[in-house]
Amino acid sequence: MAAERNHIKVFVASTVYNFQSDLDRIYNLLDGYGYDVLMSHKGTIPLDSSKSNAQVCTDGVEECDVFLGFIRPDYGSGVLERGGMSITHMEFQTAMKRNIPRFVLADYRVTFTRSLFKDSYIIEDSTAKQINFDTISFDNCDVMDTRCVRMYNEAIKDKERPASRRTGNWVQEYYDFDAIKMHIESQFKYPERIKKLIDNSNMK
């Protein structure tokens, strides 16, 4: 039996490639709890033919009450110029500028790659030099696009100091859909809790 509609708009941001079936299940989970789900993969983001795809998507983030984002190994589409952002990255940055509840999950391959390079060194002329991850580029790599690790660093507010003062920087690692499902159920099962988070954010 479907839950009563609560009219809370949840925007789901994610790349789609190799994630379609999981996105279908994520949509069904949230819809089953009564949320209005804005997801490009399902075609539920309000369209405006006078705007670009990127603008339509970021407008959706501006309109939503809650943001649910997935950081995956592929960076996604919509990069129109060298060094530009993907649409998914734009959605993340738009959400971070808004004072709304945010929930972010990261594929374990993203966190693994970050851990692999963190505190790593190169040996040059017998001298160990620490690797600056921001200078490493596996852009457009089919296995792991390093821009996704940069998205992860932004989400955890890696460069904000001191670390003890960071807020809104929780990112949940996942290995499979069961882990995604557990996290979504834990956070979204009771819409009254989400409504309270929204109300609290509106007061700040």
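User: Over the ring of which residue does the charged end of K42 sit?

Analyst: This is a predicted model, in which local features need pLDDT of at least 70 and side-chain atom pairs count only at pLDDT 80 or more, while totals for chains, interfaces and linings use all residues. Residues are numbered from 1 along each chain as its sequence is written, and side-chain values use heavy atoms, with hydrogens and water left out. A charge sits over a ring if NZ of Lys or CZ of Arg is within 6 Å of the ring centre and within 35 degrees of the ring normal. At 5.4 Å from the ring centre, the charged end of K42 sits over the ring of Y27.

User: How far from the centre of the ring of F177 is the charged end of R25?

Analyst: Here the charge belongs to R25 and the ring to F177. The charged end of R25 sits over this ring, and its distance from the ring centre is 4.2 Å.

User: Why is the pair of Y35 and F188 called edge-to-face?

Analyst: Rings of Phe, Tyr and Trp (its six-membered ring) pair if their centres lie within 6.5 Å; planes under 30 degrees apart count as stacked, over 60 as edge-to-face and the rest as tilted. The structure holds seven aromatic pairs. In the pair of Y35 and F188 the centres are 5.6 Å apart, and the pair is edge-to-face because the planes stand at 90 degrees.

User: Is Y35 buried or exposed?

Analyst: Buried means under 20% relative accessible area, exposed over 50%, and partly exposed in between (1.4 Å probe, protein chains only). F188 has a relative accessible area of 1% and is buried. The relative accessible area of Y35 is 0%, so Y35 is buried.

User: Which residues do ring pairs link into a cluster?

Analyst: Ring pairs also join three phenylalanines. The members of this cluster are F11, F67 and F92.
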